[in-house]
Amino acid sequence: MSAPRALLAALAGALALGACAPLPVPPASPAAVRHAQPMFTLEGRMSATDGQQAASGRIEWEHAPHADRLTLLNPLGQIAARLDSDAAGATLLTADGQRIVAASADALLPQVLGVDVPVARLRLWVQAAPDAGAEVRQRDAYGRPQLLIDQGWRIDYLAYADDGAGAPPARLDISRGDHRIRLIIDSWTARP
């Protein structure tokens, strides 16, 4: 066999062997440490069910360090309920003009959503910034949570706003037993 033919045969053999070797896997991104924003505004669409009754509509949420305003609108865009809370307590205003006062938003949120979800955790979940006690069971290629378990709740992050490691969630599915909240965030504004 001539030298050029021998070189070609060796090269073909090396390529054939190389084709059988597994491709190198790119290293996974390190777990992204996500910090909750002290202030944010989000707008989106939400559906909630307790397994027997269901509701859906739009949501507008303004969060500040010591105060929240959660406004739920029916599918026609009319205010169905508004929940205001701060250190002094919480007030729920319903579409029919009823005003209900409680010590905390946790006491009133089930009347708004039909699901007994902890408000303090919900503000972390919508930011994909889990508390130290939460268990991140799955992460995406950017190190962002994909599956989170917190106080018996399962939070599935179905989509993020973009492919950046710091992108906020765009679609979440929050569930525990028959209780489920589905949230699609259309706009997100973090405020300093």
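Which residue follows α2, and is its phi positive or negative? I looked there before anything else: α2 is followed by Gly114, and the phi of Gly114 is positive, near 80°. A note to myself before going on: this is a predicted model.

**Overview**

I went through the elements next. I found three helices and eleven strands in the protein. Reading from the N terminus, I wrote the order down as α-β-β-β-β-β-β-α-α-β-β-β-β-β. I then looked up burial, and buried residues make up 34% of the 192 residues. The accessible surface comes to about 11,200 Å², and carbon and sulfur atoms hold 56% of that surface. I also checked contacts along the sequence. Of the contacts with a separation of 6 or more, 39% are between residues 24 or more positions apart.

**Helix α2**

Back to α2, which spans residues 105-113. I wanted to know which of its residues are buried, and I listed Ala105, Leu108, Leu109, Val112 and Leu113. Why do they lie on the same side of α2? They do so because they cover an arc of only 130° around the axis.

**Strand β11 and its partners**

I moved on to β11, which covers residues 179-191. What does β11 pair with? I found β1, residues 39-49, in the antiparallel sense over eleven bridges.

How many residues sit between β10 and β11 in their hairpin? I counted two, and in the turn I noted Gly177, with a positive phi of about 60°.

**Ser175**

My last stop was Ser175, which lies in strand β10. Is Ser175 buried or exposed? Ser175 has a relative accessible area of 9%, so I put it down as buried, the cut-off being under 20%. I then asked what Ser175 is in contact with, leaving aside its neighbours within four places in sequence. The list I wrote down is Gly152, Trp153, Arg154 and Arg180.

Definitions and conventions: Residues numbered from 1 in each chain as written. Predicted model: local features only at pLDDT ≥ 70, side-chain atom pairs only at ≥ 80, totals over all residues. Heavy atoms only, no water. Pairing = 2+ DSSP bridges. Helix = DSSP H or I, 4+ residues; strand = E, 2+ residues; numbered from the N terminus. Buried < 20%, exposed > 50% of the residue type's maximum accessible area, 1.4 Å probe, protein only. Arc of directions from axis to C-beta. Contact = heavy atoms within 4.5 Å. Areas by Shrake-Rupley, 256 points an atom, 1.4 Å probe, with all protein chains shown as cover.
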